[in-house]
Amino acid sequence: MSLRRRLARLAGWLGEPQKVARFQRLCGVEAPPSLSAAPGEDEAAGAPPAGDPRRRAAPPPGAERNPCPAKPAGGAPNGVHRGRAGERGERAGVSNWPLYYLFCFGTELGNELFYILFFPFWIWNLDPLVGRRLVIIWVMVMYLGQCTKDVIRWPRPASPPVVKLEVLYNSEYGLPSTHAMSGTAIPISLVLLTYGRWQYPLIYGLILIPCWSSLVCLSRIYMGMHSVLDIIAGFLSTILILAVFYPFVDLIDSFNQTHEFAPLIIIGLHLALGIFSFTLDTWSTSRGDTAEILGSGAGIACGSHVSHSMGLILDPPLDRLPLPRPPITLTLFGKAILRVLIGMVFVLIVRDIMKKITIPLACKIFNIPCDDIRKARQHMEVELPYRYITYGIVGFSITFLVPYIFSFIGIS
């Protein structure tokens, strides 16, 4: 048997949805009776068989990013809180609640809420240089991961037998898992960027990397969103991307801060990458996420350029490295909390204002009806500028406008 055929058989074996279902049962996830009892309904109705890429079609007009109900009011019943089980909208039974909440936390480490808290916290409170370079790596990894999904077009695990505890990204393809990519890239990059710059034992970083990465990766299998193959592909592709691009991160960051025409090049490059990614496939949440990632990266890079030009955020000189850990005092803790509260309120207000401005404006410019906002956002002419501009301004606020406010009120 040729090597190519062996690899194909191995990929098929790792991609089997039954492995995901067995892991879910091991962790206490119980499928609804109708889901486990009717595995062939799709085929009987003339639909493509489970696992066929044709099962993933563009969502109907007006489809929401997460069409599933949020946690029901009045308490937590013995069922799924993050969405529908399978594709029929039924609730799955969960018998091991500590594992459920642990994996919910793990999957949130790859969602927007985490990113919009984590990166600003590093930039405002810990180390702006590390925060900026983490964003550069994150943008590289996530962009390549999202584009690879739309090129390979590998479907997510079929349901049944898998129980879908989350359907937030169910309209996207599955391979590679961008949660696994982010959950691998961030802890590894964090250790690479901070060790030698800050004084701490290396063993802390060597513990952080496998704990963070394995939690995120296993959470995606637990949620029924990825196969073992998706996770392995995400992990290995991240290692490859870091091996190739990490040596250039310092050069890219220095260029973003110091080159005279850096803002124009940054905006043009990120916009071109966004337009290219939008041509790879039909509508899915992947397109909007890609535009958000590119817009955030461009905004943070442009904001750091302006901050550096004005002397607003200065990196410590090299002769002071490695930096000692500052003593945790009440004043230090209070200022950090104040910066987070003020900064996040400002960022969320900016994001809300930009959303309200950019969508109607894009609809008007491109003559697209905006009576139904959800339907209008599925047009590239609306979604790309809306996401790119909104999150570009958010990123710019994080590295320039918010630090300027901190400096003005004396808490920088």
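Student: How do α7 and α10 pack, by angle and axis distance?
Tutor: This is a predicted model. In it, helix α7 (residues 128-152) and helix α10 (residues 228-245) pack at an angle of about 135 degrees. Their axes lie 10 Å apart.

Student: Why quote both an angle and a distance?
Tutor: Two packed helices are described by the angle between their axes and the distance between those axes.

Student: What do we call the way α7 and α10 lie to each other?
Tutor: Oblique. An angle over 145 degrees would count as roughly antiparallel, and 65 to 115 as roughly perpendicular. The angle here is about 135 degrees, so α7 and α10 are oblique to each other.

Student: Is the crossing left-handed or right-handed?
Tutor: α7 and α10 cross in a right-handed way.

Student: Which residues meet there?
Tutor: From α7, Ile137, Met140, Val141 and Leu144. From α10, Thr238, Ile241, Leu242 and Phe245.

Student: And how many of each class in that contact?
Tutor: Seven nonpolar residues, one polar and no charged ones.

Student: What about cysteine 217, buried or exposed?
Tutor: Cysteine 217 is buried, because its relative accessible area is 8%, and buried means under 20%. Cysteine 302 is buried too, at 9%.

Student: Zooming out, how many helices and strands are in the chain?
Tutor: The chain has 16 helices and two strands.

Student: What share of the chain counts as buried?
Tutor: Of its 412 residues, 49%.

Student: And what about contacts between residues at least 6 apart in sequence?
Tutor: Of those contacts, 79% join residues at least 24 apart.

Methods
Residues are numbered from 1 along each chain as its sequence is written. This is a predicted model: local features need pLDDT of at least 70, side-chain atom pairs count only at pLDDT 80 or more; totals for chains, interfaces and linings use all residues. Side-chain values use heavy atoms; hydrogens and water are left out. Axes are lines fitted to C-alpha atoms, for helices over the stretch in contact, and angles run from 0 to 180 degrees between N-to-C directions. Helices (H or I, at least four residues) and strands (E, at least two) are DSSP runs, numbered from the N terminus. Angles under 35 degrees count as roughly parallel, over 145 as roughly antiparallel, 65 to 115 as roughly perpendicular and the rest as oblique. A crossing is left-handed if the near helix is turned anticlockwise from the far one by less than a right angle, and right-handed if clockwise. Contact means heavy atoms within 4.5 Å. Ala, Val, Leu, Ile, Met, Phe, Trp, Tyr, Cys and Pro count as nonpolar, Asp, Glu, Lys and Arg as charged, and the others, Gly among them, as polar. Buried means under 20% relative accessible area, exposed over 50%, partly exposed in between (1.4 Å probe, protein chains only).
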